[in-house]
Amino acid sequence: SSLRRLQADSRSRGDRKNTGNSRVVYCTVSHFFSFFFSLQGAGQDVGRSCILVSIGGKNIMLDCGMHMGYNDDRRFPDFSYITQNGRLTEFLDCVIISHFHLDHCGALPYMSEMVGYDGPIYMTHPTKAICPILLEDFRKITVDKKGETNFFTSQMIKDCMKKVIPLNLHQTVQVDDELEIKAYYAGHVLGAAMVHIKVGSESVVYTGDYNMTPDRHLGAAWIDKCRPDILISESTYATTIRDSKRCRERDFLKKVHETIERGGKVLIPVFALGRAQELCILLETFWERMNLKAPIYFSTGLTEKANHYYKLFITWTNQKIRKTFVQRNMFEFKHIKAFDRSYADNPGPMVVFATPGMLHAGQSLQIFKKWAGNEKNMVIMPGYCVQGTIGHKILNGQRKLEMEGRLSLTKKLCRNNNNKTCSHQGSESNHHLLDVKLQVEYMSFSAHADAKGIMQLIRMAEPRNMLLVHGEAAKMEFLKGKIEQEFNINCYMPANGETETVTTNPSVPVDISLNLLKREMALGGPLPDTKKPRTMHGTLIMKENSLRLVSPEQALKELGLNEHQLRFTCRVQLQDPHSDSDTLHRIYTHLKSVLKGYTIQHLPDSTVMVESIVIKLSSSAEDPNTKVLLLSWSYQVIDLSYSQC
Amino acid sequence: MGEMDAAEFDDVVDDWFIESLKTYKDLHVYQLEHPTRVIEWTSGKTVCVAGYRSAKNELLELLLPLKLLAEENKGLCAERDFKVVHGGFAEGPVHCLRHIPGTRCAVTNDGRSSGLQVWDLGGDDSDVIRRTASVAGRSASGRGSRIAAGLSSDPRVLHGAESSDVLLTDLTSGQSVYKLKSDAADPLSSLQFVSDSVFLACCCSGNIYTVDTRASDAPRPSPPPATGGGDGVLWCADASPSSAGGAGRVARLSSSGEAVLSDLRDLGGAVSRARLDVLIDHHNWDDVKVSWAPALDDCIAASGFSGTVQIYDTSAWAAEPAAARPLFEHRGHVVSSQRADSLPVLVTSHVWHPERPRTLLSAAADGSVHVWDWVDQSAAAC
């Protein structure tokens, strides 16, 4: 146990009126957060999120994304910052994944299975369901298509997912005795979450990607007024003002409509979940209103998969969808029918939703090959495409594509055997050139918070500090100024790979003994006001994990210590021709006149007392006119003595 | 707002958006945090907007969406947001803002005193707009100044609140280089240069002074041709962009919805007139604005009477005033404004794109800013 006597009241008399007789124990405990930003990329869509937070002695990794723009080691975060001093499992208390986009979770199997991490990984139920599908897709493209080695395997994805603990919204999860986390709805994509991390009285909120405006498909992000010490927000779109959702939809409808009207076919490659459902709802409504007759098809596998997930995660969508779902099956559309591969050759206009979204394999690629040669047709890419996919190539304006022929299978087998490509097997005839004549449209429906959204979230959560990640500091000086002025908080913008340390002033709860409180009440003064600091005297005892404020007497008793009296004295010389007793009397009268309201006594033993201050007088032996004044006071009344001397 | 109302509102908006597939080539709808009364081009791709609340306000320089500006491969460009390229803080409201061509400098007025604030819009190294200087005005009327940027290469601004206090100030030296001699304290609606040395001082009374800064004699005002508007009618005006050979024209628009076109050389006479199809009861006069299309013959835009921006083709107007129907009406601000009271939202400003014939930007009192490229249905039909 330890006893700490804290700094005593050091206020002057003048303050007494305001604070009554109360006395305060000031106690400032500084804790430090340190943030390590492990390599994020700049630029939209290709960044990589991986943030390390140290809070109250706990280390938490926020997201574990991969950089979509690199093919080498740079695509994964550099964990050597941690591993040079030991294993990840020992260092990290937990890993939290905000949502299923690869720039937020793509390095997860690499980290857990190849670098090695066995601690808990937290993500929401939908993220847990969708994340492995995306990782597997991505693995296939990288390893099977591009022939890369040194990549995680299907088994690693499975093993990694076994370490995942699912999170429910608004449910506080105790990671260990001291660390707790709580997920909040973030909008953005199905299952996206913001997370509140708390250790003791310190806390951090990490937003991941979020969206502050509801759409046809998802609701808006929401969080408690949880007043975290730091709010960490993405800022990729911090300097933008978002075009309205309806205008995005309008462009989509316009393109589809124009193509249908000229008798063309529209291919929309989609990922099974997310925007596909939103776009179907949109087209269904539009077809109804415009009384359009052209067929709309949906890949069958897509329907089943989507229905399955939507049944599971219906609470994660917005209210309107939830209601629709209760009334009827999500995909019992009047105008949208199941697709059969033979339909692709049917004459006349049609719209087809098909997987996969990046045109790297399967049905969407087959249809694309059939329709690419006709300029009346159109392909609408509603999302991001990974390098090396047909989707990525056509989005970059490539109009001639080298397609794999039938012999590619042989090539692949050969590659697997020798671990390198056997070029002699693939002659020129295996590849044919595909002329892309159809129109290519890129439409981003991803919903991110813009400048206004960030301000809204700050207003909601009321953080004490703001930290913007993913942005370019030089281009965000204005935003930083705006946040600091409007909310009177600090705003930090660490560069990639930089550490930011933020000092917090956590309020420390202290138990106060009833006796001490009663004593304070007896001293009078105004009743306590929660909004105003109030001075109070006592002894702080820190024992185990508790802090108690008790009267000094009780503290001495509890700790078995003897009380020591501490008094200060000083000598003051005066020139005064009067006798000693006259001089003392004159001092007494003077003090009476200037210190109204204090107890001043002239005692028979030739001393004057002002409250507990003792004043004695004696003459100098050499010169009777030189009087020596002796003052003595206890440490409690130090100010009074000085101010009057 | 009840659930049913919200659904009805959605229907109305959906209807308009579906209609917009045919009526607009491009349409972008943005929501600023605070409404703006100014939209000023600072380059071919950027505009400045600023708040007009009585307290602190923001000045923002916005980059137009790349998708709108893309010449080729428009379909591959997904970028459709405004980008805030520069921003700054103004201590008071911003009622008037002018960019000085060829510089990174803008000049503002707060609408309650005649002085001007000078701003550095910032370069590539910083995103902050900083106030660099002030210019004193001559008026103590408590009226805000109108501002016009000079067309010559020297950075000069013409400013004043009334016809009696118009100054031409050189921004480099801060010295006034010309003072308009006029005894009439006629409140100004706008100032506009028509050539290097000639400007128009348009007054709320409808009077227009044509002033040659090289001449020393006091100019005489040209009143608007007599109209049926009666007393108390206010006027705003705009001169057509000077085209090679063609005579400049001035459009005057009154608070009673009357429009008068005059030849720049004969501002007292009318070439043609019309009664515009506008509401004249609800407007805030400061918001009413008329402007010539810079890249489309004979077209003007009018706004401020309601929540719409109207485009009129003036080529059909005659010498005798008749009711004119707009060639196009942008109803976007009205349709997408979801106000608790049923009062219509007013358009606070509009501006034409300097080169694209049918692209405009407009702002409304609810903070919405729209960028729209409209389709001329009459032309599309034939």
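**Exercise 1. Where is A:T539 placed, and is this residue buried or exposed?**

Step 1. Start with the secondary structure: A:T539 sits in strand 26 of chain A, which covers residues 539–543. Helices (H or I, at least four residues) and strands (E, at least two) are DSSP runs, numbered from the N terminus.

Step 2. Now look at the accessibility. A:T539 counts as buried because its relative accessibility is 2%. The cut-offs are these: buried means under 20% relative accessible area, exposed over 50%, and partly exposed in between (1.4 Å probe, protein chains only).

Step 3. From C-alpha to C-alpha, A:T539 and A:G187 are 50 Å apart in space, and they are 352 residues apart in sequence.

A word on the model before you go on: it is predicted, so local features need pLDDT of at least 70 and side-chain atom pairs count only at pLDDT 80 or more, while totals for chains, interfaces and linings use all residues. Residues are numbered from 1 along each chain as its sequence is written, chains are lettered from A and ligands numbered from 1 in the order in which they are written, and side-chain values use heavy atoms, with hydrogens and water left out.

**Exercise 2. Describe chain A as a whole. How many helices and strands does chain A have?**

Step 1. Take the secondary structure of chain A: there are 20 helices and 32 strands.

Step 2. Turn to burial. Chain A has 645 residues, and 49% of them count as buried.

Step 3. Consider the surface. The accessible surface of chain A is about 30,300 Å², and 50% of this belongs to carbon and sulfur atoms. Such areas come from the Shrake-Rupley method with a 1.4 Å probe; for residues, only the protein chains shown count as cover.

Step 4. Finish with contacts (heavy atoms within 4.5 Å). Of the contacts in chain A with a separation of 6 or more, 71% are between residues 24 or more positions apart.

**Exercise 3. Which residues make a nonpolar surface patch of about 260 Å²?**

Step 1. Find the members: A:I512, A:L514 and A:L517 make this patch. Patches are made of residues with over 30% relative accessible area and no salt bridge; like charges are joined within 9 Å, nonpolar side chains (Val, Leu, Ile, Met, Phe, Trp, Tyr) within 5 Å.

Step 2. Pick out A:L514, which belongs to helix 17 (residues 514–522) of chain A. A:L514 counts as exposed because its relative accessibility is 58%.

**Exercise 4. Work through two salt bridges of chain A. Which residue is the partner of A:D176?**

Step 1. Recall the rule: a salt bridge is a side-chain nitrogen of Lys or Arg within 4 Å of a carboxyl oxygen of Asp or Glu. By this rule there are 51 salt bridges over all chains.

Step 2. The partner of A:D176 is A:K58, with the closest N and O atoms 2.8 Å apart. This pair links distant parts of the chain, 118 residues apart: A:D176 is in the loop between strand 8 (172–174) and strand 9 (179–185), and A:K58 is in strand 4 (residues 58–62). A:D176 is partly exposed at 23%, whereas A:K58 is buried at 10%.

Step 3. Next comes A:K162, which forms a salt bridge with A:D159, the closest N and O atoms being 3.3 Å apart. Because A:K162 and A:D159 are 3 residues apart in helix 7 (residues 154–162), about one helical turn separates them. A:K162 is exposed at 64% relative accessible area, and A:D159 is partly exposed at 26%.

**Exercise 5. Move to chain B. What joins B:D26 and B:R356?**

Step 1. Their side chains meet in a salt bridge, 3.7 Å from N to O. B:D26 lies in strand 1 (residues 24–31) and B:R356 in the loop between strand 26 (347–352) and strand 27 (359–364), so the pair ties together parts of chain B that are 330 residues apart in sequence.

Step 2. Check burial: B:D26 counts as buried, at 7% relative accessibility.

Step 3. Widen the view. Salt bridges with shared partners join B:K25, B:D26, B:K74, B:R356 and B:D373 into one network.

**Exercise 6. Which residues does B:T314 touch?**

Step 1. Locate B:T314 in the loop between strand 24 (309–313) and strand 25 (328–330) of chain B. B:T314 is buried, with 3% relative accessible area.

Step 2. Leaving out residues up to four places away in sequence, B:T314 touches B:R249, B:L261, B:W292, B:D298 and B:I300.
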